[in-house]
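Please keep the sequence and the model in view while reading.

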Amino acid sequence: MANYVVMVRFDETTDEIILRLQDKLAANGYKKAVNEWPPHITIAAYEGADEQALLQWTEEYAAHQHSFKVGLFSLSVLPPGGEHTDTAVLCLNPSHSKKLVDFYYGFHEKYEEYCTGIGWYNSIRHGNPIIHSTIGIFDVTTMQKALEIIFAEGVFGEIKITALELYTYPMRLIKRFDLKEQ
């Protein structure tokens, strides 16, 4: 059974800013900070869901949504855990505006039973959704310098959510669904 990830994508300007930040981090020795995925917020990750049903739901959901702005004003950290006791994940933390939370929860109206394992951090049923945009993985002992680089790169501010995309996991884009412009 295949695994899938549904993510929201940003406007081109935000993508460029985040990619420039990742390049700067990589140039400063933070190779783990280069995320293989394009800049995004993960909406859901599924194990064993039916691809055609998921495509249909994503298309149906996106067809009724408009692009919207959300604030990107802080960072969050997914702490070390499991076998990864020396690394943590740094994330851009979008403001949990009503629009973003409603959008996020609304997508979870279907297929929540497949949000296990890789989707646990995104699950509504488990009660632990962590709405975030991963920057990268960092050694805990070097996070101070990484934070200094992040703070200097101008990644904070208002961004625009423009599309939903469905990927396989590991990453392969299946289809993009642009949101309607307001």
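## Gln22 in helix 1

Gln22 lies in helix 1; helices (H or I, at least four residues) and strands (E, at least two) are DSSP runs, numbered from the N terminus. The model is predicted: local features need pLDDT of at least 70, side-chain atom pairs count only at pLDDT 80 or more, and totals for chains, interfaces and linings use all residues. Residues are numbered from 1 along each chain as its sequence is written, and side-chain values use heavy atoms, with hydrogens and water left out.

Gln22 has a relative accessible area of 4% and is therefore buried (under 20%; exposed is over 50%, partly exposed in between, with a 1.4 Å probe and protein chains only). Not counting residues up to four places away in sequence, Gln22 touches Ala33, Val34, Asn35, Thr134 and Ile135, where contact means heavy atoms within 4.5 Å.

## Asp11 in a loop

Asp11 sits in the loop between strand 1 (3–10) and helix 1 (12–27). Leaving aside its neighbours within four places in sequence, Asp11 is in contact with Ile159, Lys160 and Thr162. The Asp11 side chain reaches the backbone nitrogen of Lys160 at 2.9 Å.

## Nonpolar cores

A nonpolar core is a set of buried Ala, Val, Leu, Ile, Met, Phe, Trp, Tyr and Cys residues joined through side-chain atoms within 4.5 Å. The largest one has 45 residues, and those with the most contacts inside it include Leu25, Ile43 and Phe107. Apart from it lies another core, of 5 residues, among them Val5, Trp37, Ala45 and Tyr167.

Terms used: A polar contact is a pair of N or O atoms within 3.5 Å; within protein, one must be able to donate a hydrogen and the other to accept it, and residues adjacent in sequence count only if both atoms are side-chain atoms.
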